[in-house]
Structures are given as structure tokens and as C-alpha cells.
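Work through the exercises below with the sequence and the structure at hand, and try each task before reading its solution.

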Amino acid sequence: MPVPQHIDSQAAGRQLLVGHRELRAQLAALRAALDEEGGLAAAVGGNGDGVSLVQQLRVRCLEYCLGLHHHHTMEDGAFPVFEQRYPEIAPVIERLREEHRQVAAGLDRLTKLVESDDGQDVNWLRGELERTVAGIEEHFVYEETYLLPALGVTPPGPTS
């Protein structure tokens, strides 16, 4: 399959950062909602009409998983261009591909656990979410540290 050459590396790098910011914001909202009294109701627009915490978490998890899957699909589509333009970062891109597979597997596990949970143990849900988020955040940091500079984009500071 021919590699598309119309990809603007810097624009792709900036879009990657936008995606990371949006995904991090979604995770922060989910974490905050788990900590709030009333669970996820406020975060997903619930009104206390009998929708359980776990049902709300399922909805939010599905939304997040779909967004992250789309984000990684777009990245995977650009990787062949980057490998061709910047052969020196081929090992970085290969690691990112493997991390995409690992993140997808982690999200699948979390989704299955949330679907099978009865919603009685919010601490358990929070622990599973935190384990999954830690892997995602490590992936984002690696990508921002090693891919962005090759694309001509300045990585964000430690507070982003």
C-alpha cells in the first residue's frame, strides 16, 4: 500500500497534542466524578433517575474507549509516513505501535470488568481505572517525548 505523502508532520504533531489534552480531560472528569458524592451522575448529565454508577461508568468508558481508539487509528495511519521521512525514529514508532496494542488490550479488560461489575465497589472500579490510566499516561508521555521532536513540535511541559 502506498504511503500518503500529504501529511504535514508538524500539523500531525500538534493534533496529537490536542488529542492528548482532550483524552486527559475526559479521564480527569471521570476520576473526579468517581470521587464526587453521587458518582458519575454530574459528569454524564445524570439526574439521579435511578441510573446506577456502574451504568454511567459503562457509558463514559465506552465514549473514552472509542475516542482513544480513533486517536490511535489516526496515529497508526500516519506512522508509515513518519517512518519514511524520519527513519531514525523507526524504533520509537515500533514501540508506539506495540503500546497501542497494549493500551487497547487494557481498555478491553477494563470494559469487560466494568460490564461484569454490579456497581457495589466504587473503590475497586477506581483501582482498575487508575491501573489503566497509568499505562495510557506513560504512553502519552513517551509519544510526546520521542515522537513530537522528530515532527518539529515542542513537547509540552510537565504540567500539561
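Predicted model: local features only at pLDDT ≥ 70, side-chain atom pairs only at ≥ 80, totals over all residues.

**Exercise 1.** Find which residues of helix 3 are buried.

Solution. A residue is called buried when its relative accessible area is under 20%. Going along helix 3, the buried residues are V92, I93, L96, R97, E99, H100, V103, G106, L107, L110 and V114.

**Exercise 2.** Decide whether H72 is buried or exposed, and find which residues it touches when those up to four places away in sequence are not counted.

Solution. Begin by placing H72, which lies in helix 2 (residues 53–85). Its relative accessible area is 6%, so H72 is buried. With residues up to four places away in sequence left aside, H72 touches H100, V103 and H139; of these partners, H100 and V103 are among the buried residues of helix 3.

**Exercise 3.** Describe the protein chain as a whole: which elements does it contain, and what share of its residues is buried?

Solution. The protein chain has four helices and zero strands, so that its order from the N terminus reads α-α-α-α. Of its 160 residues, 39% are buried. Turning to contacts between residues at least 6 apart in sequence, 76% of them join residues at least 24 apart.

Note on methods: Residues numbered from 1 in each chain as written. Heavy atoms only, no water. Buried < 20%, exposed > 50% of the residue type's maximum accessible area, 1.4 Å probe, protein only. Helix = DSSP H or I, 4+ residues; strand = E, 2+ residues; numbered from the N terminus. Contact = heavy atoms within 4.5 Å.
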